[in-house]
Amino acid sequence: MSDVFETKARFNPKRDFSFEHLPHSNVPFEEAFKKARDGERLSVDDGVALMIVSDDPDRKAKVLELANQRRKVMVGEEVTFVACMNLNLTTACTVGCLFCSYKDSAHLFQVNSTEKHDGFTRTVEETTQLAQAGAERGIYEICSVSGLHPALVLNEKHRKILEKNPVNYKPAKEFHKDPGTYVDQIKALKVGGVHIHSMTPEEAYHGKRGTDWSYREVYETLKEAGLNSVPGTAAEILVDEVRDVICPGKINTAEWIQGMEGAAEADLPMTATIMYGHVDNARHRVMHMDVIRNLQDRSHNINEFVPLKFVHPNTPLFQLGMVDGSSTSSEDELMIAVSRLFLDNIKNIQVSWVKYGDTLGKHLLNCGGNDFMGTLLNEEITQRAGGGYGSFRSFENYYDMITSIGRIPVERSTDYKLKRVVKAQPNQPIGPTLGPYADGTPLLNEEETNALRSL
Ligand code: SF4
């Protein structure tokens with residue numbers, strides 16, 4: 001008889017989502033564990049068998065230890081991080097994802113609206129100024145992910161098409177601020193040699209709405225404007241029965257894959273993410289990783305996998321009573337560990353301090369993780385969802401955290417091609433060195449450093 005385990009559902013039991021895919025496996029744990037230990041490629045059932053042991057301390061410890069060993073073999077003792085800033089263009093969005101509290105309904109930004117909101121749209125000129133200021137501090141990556149503003153278009157050609165056939169489009173003159181075009185915004189972000197990490201498949205879909213353009217054409221246009229790599233966000237859970245609950249207005253799984261394939265065809269490096277811990281279960285998480293692993297088999301362009309714990313307090317999902325919270329730390333440990341074991345073709349597993357905090361984050365680096373995200377400087381998305389782990393990190397802070405767990409702190413470029421071991425010298429400040437303006441000067445001034453210490 002097979003060894004069947006189940007995880008607890010976290011969503012409100014009063015809501016029955018009637019999922020077809022349930023959190024149990026017909027593969028016995030020992031069989032799945034042996035395959036993982038022998039380095040064999042895991043099936044979805046194997047992955048589920050390893051993922052559903054959060055209430056079994058012995059089995060969980062075995063999975064975490066194996067993932068930690070696999071991490072040592074695949075990437076060694078280095079923990080990497082990047083000097084980056086987040087610079088998003090707008091919170092205005094016409095899609096109402098139930099896990100999102102970043103967006104503000106786009107109609108609030110219209111000139112005829114008198115309703116108050118605390119969102120923003122940045123003009124091309126404002127983006128230029130903020131990007132310049134960030135680059136001069138020493139960052140070398142700008143990550144930009146934005147709401148789907150109805151006036152945002154790919155370029156002037158796209159605007160002309162949408163003026164004749166408005167698909168989710170309103171002219172910029174109807175809004176207090178003009179967000180310009182994606183192409184102009186990418187050019188504005190591109191200060192010196194800063195790496196631009198932007199345009200999720202969802203944004204690319206917005207940038208081609210109302211046309212028959214391929215994703216490849218859209219990404220090639222953006223690459224020409226200065227785009228360097230693509231965040232594989234907007235992925236959430238790549239199983240449509242989950243997307244239908246949490247983000248019914250977003251592109252579906254097949255469309256998301258097409259978008260990523262278009263980015264790969266344009267030869268842009270990519271990341272991949274999962275946003276878990278809401279209505280999803282362990283099988284959904286492993287099915288999602290199966291989509292990512294297959295995509296990587298075809299594209300070879302994914303540099304890192306980023307598990308993102310759902311941050312619930314200000315989200316409609318939580319406020320409407322559809323979920324009672326987020327994942328347990330036991331599930332978080334297994335999410336990182338099974339990512340390491342299942343994704344045999346992706347070298348880097350990121351631990352997001354924004355989602356997990358420092359204490360759990362450091363622990364997760366010993367459950368299979370090897371990258372610790374970046375300095376961010378201006379994190380906005382998780383803060384608006386009710387996250388409590390701050391919005392920036394310094395190099396000094398990274399150095400202390402990583403050496404405290406006996407690992408080697410290493411600053412890296414976005415694509416992991418450039419790396420430098422960060423060393424502390426007596427009375428010498430610690431700062432980034434890999435960017436156009438990065439000369440080792442700390443990213444934060446004294447006041448910001450003190451604010452960070454008091455978190
Ligand atoms: S997740 Fe993105 S697309 Fe969905 S509501 Fe938020 S900003 Fe809009």
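**Aromatic rings and their surroundings**

Guide: The count of aromatic pairs comes to four, where rings of Phe, Tyr and Trp (its six-membered ring) pair if their centres lie within 6.5 Å, and planes under 30 degrees apart count as stacked, over 60 as edge-to-face and the rest as tilted. This is a predicted model, in which local features need pLDDT of at least 70 and side-chain atom pairs count only at pLDDT 80 or more, while totals for chains, interfaces and linings use all residues. Residues are numbered from 1 along each chain as its sequence is written, and side-chain values use heavy atoms, with hydrogens and water left out.

A pair of aromatic rings is described by the distance of the centres and the angle of the planes. For Phe81 and Phe395 the centres are 4.9 Å apart and the planes stand at 80°, so this pair is edge-to-face. The two residues come from distant parts of the chain, 314 residues apart: Phe81 is in strand S1 (residues 78-82) and Phe395 in helix H16 (residues 395-404). Helices (H or I, at least four residues) and strands (E, at least two) are DSSP runs, numbered from the N terminus. Both Phe81 and Phe395 are buried, that is, under 20% relative accessible area, with exposed over 50% and partly exposed in between (1.4 Å probe, protein chains only).

Phe81 also pairs with Tyr398: the ring centres are 4.1 Å apart and the planes at 10°, so the pair is stacked. Because Phe81 lies in strand S1 and Tyr398 in helix H16, this pair ties together parts that are 317 residues apart in sequence. Tyr398 is buried, as is Phe81. Ring pairs join Phe81, Phe372, Phe395 and Tyr398 into a cluster.

Charged side chains also sit over rings. The rule asks for NZ of Lys or CZ of Arg within 6 Å of the ring centre and within 35 degrees of the ring normal. The charged end of Lys62 is over the ring of Phe33, 4.9 Å from its centre. Arg122 lies over the face of Phe120, 4.0 Å from the ring centre.

The buried residues of H14 include Trp353 and Tyr356, along with Val354, Leu360 and Leu364. Between its end C-alpha atoms H14 spans only 10 Å, whereas a straight helix of twelve residues would span 16 Å at 1.5 Å a residue; the expected span is 1.5 Å times one less than the number of residues.
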